[in-house]
Amino acid sequence: MKVVIVGGGVAGLSVGWRLAQSGAEVIVLERSQPGGGASGAAAGMIAVTAELLDAHAAEIEFARQSNALWPEFAEEVEAASDRVVGFARKGAMILATNATELARLSRKATEPGLSMIDHGQVRALAPLVTENQVGALWSPKEAVVDNRALGVALAYAFQRAGGRLITNEAVVRIERRNGRAAIAHTPFGLYHADVFVLAAGAWSGQLEPQLAPITPVKGEMIALEPPQGQRSIGSALPDQVIWGYGVYAVPRDGRLLVGATAEMVGFDTQITEEAARALRAGVENLLPAAKDWTLVDQWAGLRPRAPDGLPLLGPTSEDGLWLAGGQFRNGILFAPAIAQSIAAQLTGKAAPIAAFDPRRLKA
């Protein structure tokens, strides 16, 4: 089987790697550089709880399955690439600032692996967290990964497994022949395949707007750095991911990543002062000491969202054309499960997940 994957982000590279391991002939066409786009702009959270508090049941189950796959997936990527991806189970807490939020989080705490911690326990785990909280939902098994390192590592793993990665190669259309997808056209060449997998994030919707109705949702993030004398873990930066006051804070390499805004502004990725101010205000409420920290970076990415907010994983109504997209805010979390699911479907070992079947939207 010859497969062309359009998009070299974490999803496309993970799927391509698994298919190459199974013996398929795989080409990944990436419009820019591997691991860019939404994959590179993320914070690297494997956020099973906070991002999915009110999610569809199928998405919650998929998130749990993928979270369980992550430790082995990370270890395998590192072994295959000789690159470190920074996977670590640090835990995450979601703060409650009033009785209403506390009650809502307490209902979630009945699920396995989650618990409520009180004001004092929050401060014991994260001493710099604000006094203006009444407790938190604690999820000790949540993890983080260096998403940018992951993209590079997956590119190496994919190519070492026999895959072919072509960068700066933007697909402009997929030609049909005899009623099925047959040729991917780029400005520089033609690529024939038995199957084409669209994994181009928000750009999948531009390429196939009817079959892949994916729209971009812009998100801006900032990075803060504590003063020179406070940069060791424990003296300034928290050790875990913390959510509250409309933001999340992720420690990485002596910095604190803070996100994220959400705007429907098409493909605009310009950074704005308004976003920086909003994110700073949120994190300073969350961690008051952050008011003295330096803004050292700001960036924007485009999350790929389907009309109903659920992933699009599987065959479209066009023969030979498949989707691995619509992950919205959960692209890093879902990566191992997406790779497993799409590879199993294409090799005839599994059926599409009904809730994520791309053909549901046409129906």
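Author: With helices (H or I, at least four residues) and strands (E, at least two), which are DSSP runs numbered from the N terminus. In that numbering, Ala260 is found in the loop between strand 16 (255-259) and helix 8 (273-286). This is a predicted model, in which local features need pLDDT of at least 70 and side-chain atom pairs count only at pLDDT 80 or more, while totals for chains, interfaces and linings use all residues. Residues are numbered from 1 along each chain as its sequence is written, and side-chain values use heavy atoms, with hydrogens and water left out.

Reader: What joins Gly259 and Ala260?

Author: A cis peptide bond, with omega at about -15 degrees.

Reader: How many aromatic pairs are there, and by what rule?

Author: Rings of Phe, Tyr and Trp (its six-membered ring) pair if their centres lie within 6.5 Å; planes under 30 degrees apart count as stacked, over 60 as edge-to-face and the rest as tilted. By this rule the structure has 7 aromatic pairs.

Reader: Why is the pair of Phe62 and Phe334 called edge-to-face?

Author: The ring centres of Phe62 and Phe334 are 5.1 Å apart and the planes stand at 65 degrees, so the pair is edge-to-face. Phe62 belongs to helix 3 (residues 57-81) and Phe334 to helix 9 (residues 331-346), so the pair ties together parts 272 residues apart in sequence.

Reader: How do you know that Phe62 counts as buried?

Author: Buried means under 20% relative accessible area, exposed over 50%, partly exposed in between (1.4 Å probe, protein chains only). Phe62 has 3% relative accessibility and therefore counts as buried. Phe334, at 0%, is buried as well.

Reader: What makes the pair of Trp243 and Tyr248 tilted?

Author: The centres of the Trp243 and Tyr248 rings are 4.9 Å apart with planes at 50 degrees, so the pair is tilted. Trp243 counts as buried because its relative accessibility is 11%, and Tyr248 counts as buried because its value is 10%.

Reader: Which residues form one aromatic cluster?

Author: Trp17, Trp70, Phe73 and Phe87 do.

Reader: How do you know that the charged end of Arg18 sits over the ring of Trp17?

Author: A charge sits over a ring if NZ of Lys or CZ of Arg is within 6 Å of the ring centre and within 35 degrees of the ring normal. The charged end of Arg18 meets this over the ring of Trp17, 4.5 Å from its centre. The charged end of Arg305 sits likewise over the ring of Phe328, 5.5 Å from its centre. Phe328 lies in the loop between strand 19 and helix 9, and its phi is near 55 degrees, a positive value in a residue other than glycine. Its relative accessibility is 17%, so Phe328 counts as buried.

Reader: Why is Tyr245 called partly exposed?

Author: Its relative accessibility is 32%, so Tyr245 counts as partly exposed. Tyr245 is in the loop between strand 14 and strand 15 (247-252), and its phi is also positive, near 55 degrees.

Reader: Which residues touch the most other members of the largest nonpolar core?

Author: A nonpolar core is a set of buried Ala, Val, Leu, Ile, Met, Phe, Trp, Tyr and Cys residues joined through side-chain atoms within 4.5 Å. The largest has 49 residues, and Ile5 and Leu19 touch the most other members. The elements supplying at least two residues each include strand 1 (2-6), helix 1 (10-21), helix 3 and helix 9. Helix 9 gives the most, with 9 residues. A second, separate core of 23 residues includes Ile117, Ala126, Ala249 and Val258.

Reader: With which residues is Arg160 in contact?

Author: Contact means heavy atoms within 4.5 Å. Beyond neighbours within four places in sequence, Arg160 is in contact with Ala80, Ser81 and Asp82. Arg160 is found in helix 6 and, because its relative accessibility is 46%, counts as partly exposed.
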